[in-house]
Amino acid sequence: MNPGDTKNRSVPVLSKKSACILCECNCGVILDLDGGRIAKVRGDKDHPASEGYTCEKAMRLDLYQNGPHRITTPMRREPDGSYAEIDWDTALDEITAKLLGIKEQHGGETIFFYGGGGQGNHLGSANAVALRAALGSKFYSNALAQEKTGEMWVDGKLYGGHTKGDFENAEVLVFIGKNPWQSHSFPRARPLLKAVSKDPNKSMVVVDPRVSETAALADHHLQVRPGGDAWLIAAMVAVLVQENLVDQQFINEHTTGYEQVREVFSTIDVPAFADICGVPEEQIRSAARRIGTARSVCVYEDLGIQQAPNSTLVSYLNKMLWMLTGNFARPGTMFLHSSFVPLAGGGSGGGKKNPTTMQRAQRRVIAKAMQIAAATAADLIPTAARTPGMSKGVERGSRALVDVLSPLVGGPPKVSNSAGGARRTPVTGARIIGGLIPCNSITEEILTDHPKRFRAMWLDSTNPAHSLPDSKRFRQAMRQLDLTVVVDVAFTETARNADYVLPAASQFEKPEATFFNFEFPHNVFHLRKPVFEPLPGTLAEPEIYAQIIRRMDVIDKATLAKLRTAAHTGRNTFGATFMALTLAQPRFAQLAPYILYETLGDTLPENMRGAAVLWGAAQMCAAANPEAVARAGFTGVGLAPGNALFDRILESDSGVVFTSDTWDTVWNYVTRKDRRFTIVIDELLEQTRNLATARSSWTTDEFPLVLAAGERRAFTANTIIRNPDWRRRDRDGALRVNVSDASTLGIADGDRARLVTSGGAAEVLVEYSDMMQPGNIALPNGLGVDFPDADGTAITGVAPNELTTADLRDEFAGTPWHKYVPARLEPLTT
Ligand SMILES: Nc1nc2c(c(=O)[nH]1)N[C@H]1C(S)=C(S)[C@@H](COP(=O)(O)OP(=O)(O)OC[C@H]3O[C@@H](n4cnc5c(=O)[nH]c(N)nc54)[C@H](O)[C@@H]3O)O[C@H]1N2
Ligand SMILES: Nc1nc2c(c(=O)[nH]1)N[C@H]1C(S)=C(S)[C@@H](COP(=O)(O)OP(=O)(O)OC[C@H]3O[C@@H](n4cnc5c(=O)[nH]c(N)nc54)[C@H](O)[C@@H]3O)O[C@H]1N2
Ligand code: SF4
Ligand SMILES: [Mo]
């Protein structure tokens, strides 16, 4: 080749649109491909939420996609603890037989499902719903049950939905135990934080024991003592009440129960609470006054309080800050929003016996859609379902559909209510919130001889042997079970304790999406297309689930063939047939993800089959939010809006606005008959009343420091990227320590030292950090994972949960105190 030629010859670079999978923002990206490699990552300006933004973490996504961590053969644990490579048929035959054996012997409810999606991949769990139904499995959980369930419980009681803030337009932004500079969680976080910090008319209030990157930009940094948030936030609410900074008109028009709330906060001794939480009284008053007098305020709470003492109480108190000041349903304030698929079944209420307003609305609209569908395909309706029980059949069918299609991820499975009405776990009776077993209870539901203990655990897209408190005990629990199956792209810490490990196609090798769709007024759903062929030997999760269900023979072939024919005729015919068959056999609703995969999936390009489940989700979304979906451009009668939405989702490469709202319509998402906030939660108001004398410190002479076990840093992303070379800085994930805590022990910056807790000990690299207040030390999350290298397997950094215990947990939600682990530091004796 003449070298001179290259100048004029453009080298074709294949570019494909996708999304970053490293945090819940899922920023739209354009991937420039070089063969099987992701050579370059750029922000996608067409993505309706991220608009071209990415952070530095997305730049080397190739380290997730390619590398020696990828597994390509199913593996079975042998009696000596080694793993034998086996073929897919052997693996799935054996697993199916074992699952059915356990179902037969102990009941399907002893088969526990955990995980089903990380920061980027929720289609697997959407499809797993069908396997859970086929097995009669009733208990489920995922990582949300170690962070968000307390807040979900409070949300359920107050207004029955998830809230978020319009940060872009807010005059005052409040972050409680949240460091969005590193952890993001809303679109374009960094440019927004920078703009707010420069804007003289806007203010940022940050509640954090540490001078986090976000706190450093704040106008009011309330540097709380670790675990002191309940006293601090209660004092702020007390200032609002006592200095009459509340919005009395909003309270009168939109809430019930204020008198009781006022009585509790009017007696709080602000100076005394200031002493307990370690923030000077004047700072508390000034921040509260800024909030109480602003035109618009948004609040975001996260792990700093959700994984710390009194976390459910603090969630409640934090909501008082914006509820009592009327910061709701206006630009720059808080909102409830639509969801493409609800992530969980709602904090409280819901279920069959006590449907939320949302569920009732879904049922109504679906019943209507089903009647229309039925009318166009009357011959498909079995006579038994037609008269006179027609409407009963419709009602029954639609209810089954709602119960299953709507909470595709972690929704409330059917479990009979025990005494008191609240759903509880079978062994320890722990509260199940949003359909999720509290993470700290899991090992207790296994390591026991209780007859109802879990016997099997299915783990998909999750690494709980690393992410749950007390890893040692979790490993023991895995080995105690009769069967454990892990589905993952890597041979993780969890895989290393499983009976079977199934290699999944990566998130760039199959259609994928997340259900973290929390935007307003324009909410966005992004279905990503496969960028590569699946690595040989791997399968996408929907195919894994389908292959097992096929082996169980739960639906006859003729029915599937009928639906397949209908699907090839058109979406409406398919919908009518599907609805009609479901009327006759309500259990079809539960198996819907599988049925859709096998039938409607046949009409999609082969590599998009896994997206078939989204037809059901699109129908549910259109049924639940008819007006907002219509405003987003999806109109028509019966199944038409859902069909149109599904087709647009399939066509679009950059994400689709699926609901458009206006600020007046926010109230429709408040799932209360009177559309008011129920601001009294008796148990939590009682706790607030008792705060003055409540315990506020859990350190001891033996463990005098508070370890935050799992901080988000520039290069952490849970355990999604295992290659330590990904981190350009802080490769080992240093323990950050205030100089005063280390120097008294004779530990120098850069020294290695021993970190000890009641749960374990680890050798750490110490970094002196001005970010830390004395007494508070921090380790990053996501480290301490193994990665194959030339000499075998290397582990970089410390796995935080080798140091945590499950007993430190929230009394309502059972969530762990990862940010409050009593600890001590020792110099290494050489
Ligand atoms: N870079 C990066 N980003 C991520 C992730 C990641 O792994 N890496 N993970 C994603 C996930 S799964 C989540 S849930 C979010 C979490 O996002 P964040 O909650 O923002 O993350 P953290 O750094 O764990 O904790 C936030 C802050 O809580 C503070 N804190 C510690 N103890 C206390 C306390 O007692 N009171 C108060 N008020 N604050 C305290 C810490 O100093 C820290 O600055 O991040 C998401 N984004
Ligand atoms: N001490 C401490 N513990 C914590 C935290 C903390 O701050 N401190 N944070 C907690 C929080 S907020 C969270 S969200 C959890 C996260 O806990 P987990 O959800 O358990 O952990 P991840 O690391 O996100 O696990 C994702 C897994 O999915 C796999 N994976 C990636 N892509 C695919 C795919 O396409 N298919 C399949 N099947 N698998 C795939 C990855 O290899 C990885 O093993 O950790 C929690 N644990
Ligand atoms: S890590 Fe989060 S904020 Fe950064 S590019 Fe990925 S999705 Fe966006
Ligand atoms: Mo999380």
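The dialogue below goes through the terms used for this predicted model.

Trainee: What are the ground rules for this model?

Mentor: The model is predicted, so local features need pLDDT of at least 70 and side-chain atom pairs count only at pLDDT 80 or more, while totals for chains, interfaces and linings use all residues. Residues are numbered from 1 along each chain as its sequence is written, chains are lettered from A and ligands numbered from 1 in the order in which they are written, and side-chain values use heavy atoms, with hydrogens and water left out.

Trainee: Why is Gln-306 called buried?

Mentor: Buried means under 20% relative accessible area, exposed over 50% and partly exposed in between, with a 1.4 Å probe and protein chains only. Gln-306 has a relative accessible area of 1%, and is therefore buried. In the protein, 63% of the 830 residues are buried.

Trainee: What makes the pair Gln-306 and Glu-301 a polar contact?

Mentor: A polar contact is a pair of N or O atoms within 3.5 Å; within protein, one must be able to donate a hydrogen and the other to accept it, and residues adjacent in sequence count only if both atoms are side-chain atoms. The side chains of Gln-306 and Glu-301 make such a contact at 2.6 Å.

Trainee: Which residues does Gln-306 touch?

Mentor: Contact means heavy atoms within 4.5 Å. Leaving out residues up to four places away in sequence, Gln-306 touches Glu-147, Lys-148, Glu-151, Glu-301, Ser-311, Thr-815 and Pro-816.

Trainee: Which residues are closest to ligand 2?

Mentor: A residue is near a molecule or strand if one of its heavy atoms lies within 4 Å of it. Ligand 2 is surrounded by 32 residues, the closest being Asp-488, Glu-541, Ala-709, Arg-712 and Thr-719.

Trainee: Where do side chains meet nitrogen or oxygen atoms of ligand 2?

Mentor: A polar side-chain atom of Arg-712 lies 2.7 Å from an oxygen atom of ligand 2. An N or O atom in the side chain of Tyr-64 is 2.8 Å from a nitrogen atom of ligand 2, and for a polar side-chain atom of Asp-460 and a nitrogen atom of the ligand the distance is 3.2 Å.

Trainee: Why are β26 and β27 called paired?

Mentor: Two strands pair if DSSP finds at least two bridges between them. Strand β26 (residues 785–789) and strand β27 (residues 792–796) have five, in the antiparallel sense. Asp-786 has Ile-795 in β27 as its bridge partner, and a hairpin of two residues joins β26 to β27.

Key
Helix = DSSP H or I, 4+ residues; strand = E, 2+ residues; numbered from the N terminus.
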